Amino acid sequence: MKTYRTRISLSLTGAIAAVLFVPVMFMPSEAILAYASTMLIVLAGIIFCMLGIKYVIDGETLKIYYFWGMYQDIKIKSIRKMEPSRCILSSPAASLKRLAIHYNKYDTIYISPRNQEDFINTVNEIIETKDI
């Protein structure tokens with residue numbers, strides 16, 4: 001069993017923080033403290049969720065953990081193609097430097113393991129042993 005943590009992009013986290021805090025510039029001064037406090041809690045929750053993203057290769061199964069305890073299984077031998085991507089679609093990836101995994105007939109998921117090369121090599125080793 002091999003575990004890969006997600007790559008966390010400071011630019012993506014900064015963009016999320018900017019979206020949350022830009023409204024502060026347009027608020028009356030008495031509302032700023034309450035809003036900023038609430039947004040800090042929201043930002044902390046988002047970062048907590050990002051830290052829970054991981055990818056586990058367990059035998060011939062890729063388990064993608066989205067949140068603490070929630071995951072999706074993908075049979076590694078069903079993977080048809082892996083390619084670099086910068087797709088901004090919602091996915092279990094905390095970075096925009098992503099890996100598009102095409103599996104089954106029409107399914108695609110975007111992930112961002114910290115060590116993409118090692119991840120790709122590990123998956124390819126399992127795929128190469130696929131019975132043809």
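This is a predicted model: local features need pLDDT of at least 70, side-chain atom pairs count only at pLDDT 80 or more; totals for chains, interfaces and linings use all residues.
Which side chain meets that of Glu83 in a salt bridge?

Figure 1. The partner of Glu83 is Lys81, and the N to O distance between the two side chains is 3.5 Å. Glu83 is partly exposed, with a relative accessibility of 28%. Lys81 likewise counts as partly exposed, at 44%. The count of salt bridges comes to three, and the other pairs are presented in the legends that follow.

**Figure 2. A salt bridge between Asp118 and Lys2.** The closest N and O atoms of this pair are 3.3 Å apart. Asp118 belongs to helix α3 (residues 116-128) and Lys2 to strand β1 (residues 2-5), so the contact ties together parts that are 116 residues apart in sequence. Asp118 has a relative accessible area of 27% and is partly exposed. For Lys2 the relative accessible area is 34%, which also places this residue in the partly exposed class.

**Figure 3. A salt bridge between Glu60 and Lys77.** Here the closest N and O atoms lie 3.3 Å from each other. The pair links distant parts of the chain, 17 residues apart: Glu60 is in the loop between β2 (54-58) and β3 (61-67), and Lys77 is in the loop between β4 (70-75) and β5 (79-85). Glu60 is partly exposed at 42% relative accessibility, and Lys77 is partly exposed at 23%.

**Figure 4. The backbone at Asn104, a residue with a positive phi.** Although Asn104 is not a glycine, its phi is about 50°. Asn104 is located in the loop that runs between β6 (98-103) and β7 (107-111). With a relative accessible area of 40%, Asn104 is partly exposed.

Terms used: Residues are numbered from 1 along each chain as its sequence is written. Side-chain values use heavy atoms; hydrogens and water are left out. Helices (H or I, at least four residues) and strands (E, at least two) are DSSP runs, numbered from the N terminus. Buried means under 20% relative accessible area, exposed over 50%, partly exposed in between (1.4 Å probe, protein chains only). A salt bridge is a side-chain nitrogen of Lys or Arg within 4 Å of a carboxyl oxygen of Asp or Glu.
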